Structure formats: C-alpha cells, structure tokens
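Okay, thanks for coming, everyone. I'd like to walk through a few spots in this one, so let me put it up on the screen.

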Amino acid sequence: MSWKKNVLSYLLWIAYVLITCSALVGLASLFCAEKGFETYWGTLAAVLYAAVVSVIVFFIHRLVVQASVFVVKNRGLFLLLEAVFAVMLLAVGLVLRIQGMGEGGGTSLYYETAEVVLGQEIPRITHGAVFFYVQLLHGVLALFGNYAAVGIWVQIALQFTAFLILFFTVRKLAGSVAALVFLGICMCAPFMVQSALSLSPEMLFFCLTTLAAWLIAMGRGRLRPVWYLPVGILTAVCGYLDVTGFMLLIWGGAVICCQREEANVPVREIWAALLCLAGTALGFAGCILIDAFLSGKTFVEIAGAWWLLYSPEGFRFPVAVGNGESELESIVLMGIMVFGIFSFWCDLQRERVRAAMLSVCSVILAACYGVFTSEMPGFFYLYLLFAILAGVGVGECFRTAEVPERIKEDDIILEWELSADHGEWEKGVENSDEITATGTDMISVAQQAPSGEIKFIENPLPLPKKHEKRVLDFPMKQFSENDDFDYSIGADDDFDI
C-alpha cells in the first residue's frame, strides 16, 4: 500500500542530503589535496557534479514514460537481461576475489584459533558471533585440511550467499534497478572485495542478518501479525550475537508501517508491532538462558556480561565516511548516492529510504558512543547501508507519481505498472478502444499533441438525438360543453366472453 510522505520523510531526506553532500565535499577536497590541488577545487567539482546529476534525473524522469511502452512489450526480454546482468556481476565479483586471494588472511588470528591441532581445544570466546564463526571455521578446516585458502573460500561463500539474499530483498522492496545497482557496488567495490578476503565473523553474522531481513520483506503485502513473532525471535538471536542485529527492528517497523491504510484503524499493524517486540524480548531472554545453561553461569551474569560488552561509552565523533584505503572508492559511492537527493521528488506518494536512513543514523550514533566491538566495528554495515541507499536513489529515477492518463495503442490496450512489491513489469491486455490508467506506481503512456495536451479519440458510440422542443403548430377546435365523447354501448353487451 502507498503511504504519503510526512514530516519524518522530509527530515530523513534532509539528513540524507547533509550526510551525502558533506561526505562528498570532504572526500573530494581531501582527494584534491593529496593530488596537489587546492581544496576548493574539490568543493567546486562536487557542486558541478550535483548540478549535472539533477539534470540527468530530470531527463530520466521525463523519458521513462516514453520508454515504458517498449519495456512493456518486451517484458520477458528485460527480465532475461536483468538475470544476465546479475550473473555477470556475480562473475565479475568472483574473479576480483580470486585475483586478490593471495592477500587473504593466512596469518589471521581466527585461522590460528580455528586451526585443527591434535590435543588442542578451541578456547571459549565470550562474543557470540566470534564463537560461532570460529566453530564454523574449525569444522571446515577439519573437513578440508588446514589451508588458509579454505577459510577464504568460506568467507567468499558466506558473502555471496548474503549478497544474493539481500539482492532479492532489495528487489522486492525497491525494484529491479535498485537491486542491480546495489549488487554492482557490492561485487566490484574494493572494500567489499577485501572484506571477503579477510577472515572475520562479520560475514557469518552478515549472512544471518540478511536472512532475517529477507523474512521481514516476505511479510510485505497482506499483513499477517503472527508472522512477526518468529521475526522478532530471529531479530533477538541476531541482536544477542551482536548488537547490530537489533537494527532489524527498524526494518520490521518500516515494513509494518508502509502497509497501513490511512482510512482504517491500524489494529493489525499494532498487533504486528507488539508481537514483533514480544518475540524479540522472549528470544533475547531465551538466548541468555541457553548461554547460561551451557556455560554453567547464572542468568544475571550472562546478561551483565552482554551489557558490559555493548554498553555505551563517552561520546566521540568517528571518521566513518572512508575505509582508510581508497578515497576515490568512497567518492564514487557518494556520487551515486547524489542521485537519491533528486529522485526523492520523482514520486511524491512514496519514499523508500526511511528504513535505511534510520539504520544509518543508528549505526553512526552507536559508533559515536563506542557501542561496537573491535571484532565487528560496524563500518561494514554502514558501507552496506550506503550501497542500498545508492541503489534506491538510482531506482527512484525510474518511477513516476500518480497521473491519470488515456492510453490507446493500435486498438490493443496495454495496462502496466512497475510493481513496488516485486520490482517487475506487470501487463494486462484487453480488447477495447481506450483505458484510464491510474495508480501510485503506474507508469502511463499517453499520445500527446505537439502542444503537449492529450489528444482524445472521437466517441465511437452512437449519440442520442438532440432534444427538440415541441410546439403546438395547429389550431385547437372549440367544443361545446354538451359534447359527449363517451361511446354508447348496449346493455346486453358482455365483454367477459
């Protein structure tokens, strides 16, 4: 269901603009300074680039209506092209990771901990995500041998699995274009490539959180409150393993709220939110009980250890825009995000950045208070959220707002819309002369006159005769009062026979 933009949407757009513009200007100025140029050239280049992007978004938004006829007629072809592009991106990402495999963690601490040595046991690690990752790595090394490349292949497999799950999740929530742009960034970005080549529990945890996000996305459509009870439990499991998992509550709330109809009392939405929170509380308590039972400690001790690990510290402002390796990579990412500044206004009935922007704000705030651990510092998820926002920003350029128009195409009527749930083209064919196309995500095509006005066809149905006023055009004969117009009949006439 569509939902109109409110004050929160515009506030999040302002935050999006501030984060994107400040990061782009800062990175461009730093890049110019490193190359020996004046820093103001970076600011000027960022402003000129934003102006060019605004023009590009404007023309895409205007031309998407004309191009939609071709897309509708070739729906199967475009689905095939989407699959081909996705496979090509996966292949390119795999090649990039194989080429850099020689740099992967052969001397990693996780490899040394998980290495299979006779008579040596894996030490107990307090951090949940780290513990399960070391156990997984230990099992794989025991099966295939103590080779550093085995651990790297585990990382690549976990990352690709998570990216595929997240690709279909973004595709369902934001459309095909957004999903392809997101997948392209994740497959080709040097930071993502390096993340797959360094042994870290982030990939295992990333795989679990993307699975939970996919389950949340599956709940979109017809709202079923009971569905969010297991979603809350899975969110609690992810949050217990690492505090970043509680970010899934934001995505669950966004999916629940975006289905609310303004004309109805949101009883089902309230029940869904309450069941999600109840499932999270029960799941978190269950995780603490299981950990206490396995470790032989009390419930209070386990809960206190978790709080001590993730308790907020003093406020500090971290540098969270770059990965410390390539400013150019971050500039490209922020440059793609600039599209979202202007595509936000292409559809005044919907916005699809709420969940990601709230997550970005929560990650930045948590990083400022030192909530994250050294094993999982949180920048990976910030980069991932920026990639999602970049894909959504580009994808929104190909959407139009609700505009009722007339469509006629060679006596065959094509009704199509870009589905917000599945991100794919839907087509219906009827034998009629014209149709009125409306809808929030409807992309309509109208035959327009050179002046820009819609040209309507003539009415093919017969019209009724024009009403003519009746006038008495003959003289009235005068009759006397004695005139009798009754017809006389005999008394013996019987009309019943």
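Helices here are DSSP runs of H or I with at least four residues, strands are runs of E with at least two, and both are numbered from the N terminus. Before I go on: this is a predicted model, where local features need pLDDT of at least 70 and side-chain atom pairs count only at pLDDT 80 or more, while totals for chains, interfaces and linings use all residues. Residues are numbered from 1 along each chain as its sequence is written, and side-chain values use heavy atoms, with hydrogens and water left out.

Back to α1 itself, residues 7-34. The expected span of a helix is 1.5 Å times one less than its number of residues. For the 28 residues of α1 that gives 40 Å, and the end C-alpha atoms are 40 Å apart, so the two agree.

Now a pair of helices: α6, residues 148-174, and α7, residues 176-188. They pack at about 155°, with axes 7 Å apart. The axes are lines fitted to C-alpha atoms, for helices over the stretch in contact, and the angles run from 0 to 180 degrees between N-to-C directions. That makes α6 roughly antiparallel to α7; the cut-offs are under 35 degrees for roughly parallel, over 145 for roughly antiparallel, 65 to 115 for roughly perpendicular, and oblique for the rest.

Who makes the contact, meaning heavy atoms within 4.5 Å? From α6 the residues include Phe 160, Phe 163 and Phe 167, and from α7 they include Leu 180, Phe 182 and Met 187.

Next, which residues does Ile 60 touch, leaving aside its neighbours within four places in sequence? Cys 397 and Phe 398. Ile 60 sits in α2, residues 39-73, yet Phe 398 is 338 residues away in sequence and 6.8 Å away in space, C-alpha to C-alpha. Ile 60 is partly exposed, at 23% relative accessible area. Buried means under 20%, exposed over 50%, partly exposed in between, with a 1.4 Å probe and protein chains only.

Glu 396 is in the loop between α16 (379-395) and β1 (405-407). At 6% relative accessibility, Glu 396 counts as buried. Beyond neighbours within four places in sequence, Glu 396 contacts Ser 343, Cys 346 and Arg 352.

Last, cysteines. Cys 32 is buried at 13%, and Cys 207 is buried at 14%. Taking a disulfide as a pair of cysteine sulfur atoms within 2.5 Å, the count is 0.

Note on methods:
Contact = heavy atoms within 4.5 Å.
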